[in-house]
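Please keep the sequence and the model in view while working through the numbered points.

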Amino acid sequence: MNTKRICIWGDSIVYGAGDDKLGGWVNRLALYLRKQSRDHRVYNVGISGDITEQVLKRFNIEAKAREPEWVVFAIGINDTVYLNKEDKVRVSLNEFTNNINELIIQAKKFTDKIIFLGFTPVDEGKTNPIPWHPERSYNNSSIEEYNQALKDICEKE
């Protein structure tokens, strides 16, 4: 049997935070693929709150341990968080693009099957400020700007 290993890195959305019943979309994907065939192994490598820099720091160790055939990244929305007291975005657009480019370089050491998922818009009435972090906010203009940068990098690569 040739098991296809799919590793999905990301933040709380990957981790499955808030889905106590089925564990989020990554677990749902694993359950679906398991019903189709036992030839797939899905690894959830999501950590709540992570930003691109944190995924980059742990990527090589985790990828070496799992030897992925497919690498999926769903990371970056936490980079777009606005720090209200500091009057700035958590991770600059330049740093974000550098991190994404480096993730691609690192992932290519394992496979050429690399997928990036973009960010979903937010309901700013519920995220400005973020209820559990009132000193932080999500806004759609930053999300769109970073999403476009991610799209541009992916189209180039």
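1. Which residues in H3 meet which residues in H4? On the H3 side they are Thr52, Glu53, Val55, Leu56, Phe59 and Asn60, and on the H4 side Glu95, Phe96, Asn99, Ile100, Glu102, Leu103, Gln106 and Ala107. Contact means heavy atoms within 4.5 Å. By class, this contact has seven nonpolar, four polar and three charged residues. Here Ala, Val, Leu, Ile, Met, Phe, Trp, Tyr, Cys and Pro count as nonpolar, Asp, Glu, Lys and Arg as charged, and the others, Gly among them, as polar.

2. Some remarks on the source are needed. The model is predicted, and local features need pLDDT of at least 70, side-chain atom pairs count only at pLDDT 80 or more, and totals for chains, interfaces and linings use all residues. Residues are numbered from 1 along each chain as its sequence is written, and side-chain values use heavy atoms, with hydrogens and water left out.

3. Helix H3 covers residues 52–66 and helix H4 residues 93–107; they pack at an angle of about 20°, with their axes 9 Å apart. H3 is therefore roughly parallel to H4. Angles under 35 degrees count as roughly parallel, over 145 as roughly antiparallel, 65 to 115 as roughly perpendicular and the rest as oblique. The axes are lines fitted to C-alpha atoms, for helices over the stretch in contact, and angles run from 0 to 180 degrees between N-to-C directions. Helices (H or I, at least four residues) and strands (E, at least two) are DSSP runs, numbered from the N terminus.

4. Phe59 lies in helix H3. Is this residue buried or exposed? Phe59 is buried, with a relative accessible area of 0%. Buried means under 20% relative accessible area, exposed over 50%, and partly exposed in between, with a 1.4 Å probe and protein chains only. Leaving aside neighbours within four places in sequence, Phe59 is in contact with Trp9, Val71, Phe73, Leu103, Gln106, Ala107 and Phe110.

5. Trp9 stands opposite Phe73 in E3, and Phe73 stands opposite Phe116 in E6. Strand E1 (residues 4–10) is joined to E3 by five bridges, and the two run parallel. Three bridges join E3 to strand E6 (residues 114–116), again in parallel. Two strands pair if DSSP finds at least two bridges between them. Strand E3 (residues 70–74) is mostly covered, with four of its five residues buried.

6. Two residues other than glycine deserve a check of their backbone. Glu67, in the loop between H3 and E3, has a positive phi near 45° and is exposed, with a relative accessible area of 52%. Asp87, in the loop between strand E4 (82–83) and strand E5 (88–89), has a positive phi near 55°. At 57% relative accessibility, Asp87 is exposed.

7. Where does Pro129 lie? Pro129 is in the loop between helix H5 (124–127) and strand E7 (136–137). A cis peptide bond joins Asn128 and Pro129, with omega at about 5°.

8. Finally, Arg38 lies in the loop between helix H2 (24–36) and strand E2 (40–46). Arg38 is exposed, with a relative accessible area of 60%. Arg38 and Asn2 are 36 residues apart along the chain, and their C-alpha atoms are separated by 9.6 Å.
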